[in-house]
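I opened the model and kept notes as I went. The entries follow in the order of looking.

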Amino acid sequence: MCVVYLLSSKTEANKDHGRMVISKDKEKIQSVPFAELTQVVASRGAHLTNAILYEFMLRHIPVSFVDGRGRIVGQLDSSEYQLQRLSAQQEYLRDPEHCLRLSLEIVHQKIQAQKDLIQDYAYSLKSPDLRKIAKSLDQFSQDCLCAESIESLRGIEGNAAKTYFSCFSYILDQTEWPWNGRQQHPAHDPVNALLNYGYACLEREVRLAVIGNSLDCRLGFFHSNNGRKDSLIYDLMEPFRQIVIDRLILKMLKCKMYKPTEFTITEDGCRICDTARQKWLNQYEQYLDKPTKSCGNLSPRSQIREQIAQFSHRIYTQAA
């Protein structure tokens, strides 16, 4: 069973007997049996013929149309199918024990990823200060497994984040990339601006995987379900922030792939210039499709989609 993502411009999907045939610039690139399809995610640039849309409706294969950030703008699906999925997700996440268990897992994964990143730099830079920070994060990682409530877990996660981000002043060249701690919106320095931009790209990847597995973005378990944000997206982003975004940003800065002149700082915050943005997108796309040790020898994109597919399967099977 698989999810097909049609996100590139000039991508066309046609029906060929019992298969979905995908072409780009009139050249066939993939063929998938309808029997193996569970979901299709398509962007504005993709073209789906009427014949294949009709086939999707007959076979109850949902199609989600998304914008450039991965947000749903419309869906073609079987209402009964979606209702079953939504009911299962609601039932599973209504149980406080399930929510606490899931929260423990993602926070533990996140802090472990923070520790692993710092340990790598402690070794390469031969820094005793970074080794101390890594030990502190290891303790936070153990503490979170003993948390008895989501509120206490949020406190541990917040303290670990402050400890983790303090390491950036040891890793980065402070003459070029001054670091005074993590800032979100607006960012007032280039490193925070890159982190914000990178996390927005990560949000899109996670959102596409969530949509592809027919999960409701609004129903999460760690961040509050207050209706003002898609809580599940931010929950499932947590384990990937350091593995995917932070590692790439630090690597690019250490390799001098950016110059401070590629960023503009005003009273309203720090902005990334067009050249720096394009440089990021090129490196990001290459990085996401390249297998890496930190992702268990999968590509980061594959790991994100696989882990969220496992999460989806867990909810639907245990809630049934």
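How many of the 23 residues of α7 are buried? First, the ground rules: this is a predicted model, in which local features need pLDDT of at least 70 and side-chain atom pairs count only at pLDDT 80 or more, while totals for chains, interfaces and linings use all residues. Residues are numbered from 1 along each chain as its sequence is written, and side-chain values use heavy atoms, with hydrogens and water left out.

**Helix α7.** I found 20 of the 23 residues buried, so α7 is largely enclosed by the rest of the structure. Buried means under 20% relative accessible area, exposed over 50%, and partly exposed in between, with a 1.4 Å probe and protein chains only. Helices (H or I, at least four residues) and strands (E, at least two) are DSSP runs numbered from the N terminus. The helix covers residues 190-212 and reaches 33 Å from its first C-alpha to its last, close to the 33 Å expected at 1.5 Å a residue; the expected span is 1.5 Å times one less than the number of residues. At the N-terminal end I noted Asp-189 as the cap, with a side-chain oxygen 3.1 Å from the backbone nitrogen of Val-191. Just after α7, Ser-214 takes a positive phi of about 55°.

**Core.** I looked up the largest nonpolar core, which has 82 residues; Phe-168, Val-206 and Trp-280 are among those touching the most other members. Such a core is a set of buried Ala, Val, Leu, Ile, Met, Phe, Trp, Tyr and Cys residues joined through side-chain atoms within 4.5 Å. Another core, of 17 residues, lies apart from it and includes Met-20 and Phe-34. Leaving aside neighbours within four places in sequence, I see Phe-168 in contact with residues including Trp-179, Val-191 and Leu-195; contact means heavy atoms within 4.5 Å.

**Lys-110.** I placed Lys-110 in helix α3. Lys-110 counts as buried because its relative accessibility is 7%. Beyond its neighbours within four places in sequence, its contacts include Glu-157, Glu-238 and Arg-241.

**Leu-298.** I found Leu-298 in the loop between α10 (274-288) and α11 (300-319). Leu-298 is partly exposed, with a relative accessible area of 29%. Its C-alpha is separated by 9.6 Å from that of Leu-288, 10 residues apart along the chain. Leaving aside neighbours within four places in sequence, Leu-298 is in contact with Lys-290, Pro-291, Thr-292, Gln-303 and Glu-306.

Terms used. Polar contact = N/O pair within 3.5 Å; in protein donor to acceptor, adjacent residues only side chain to side chain.
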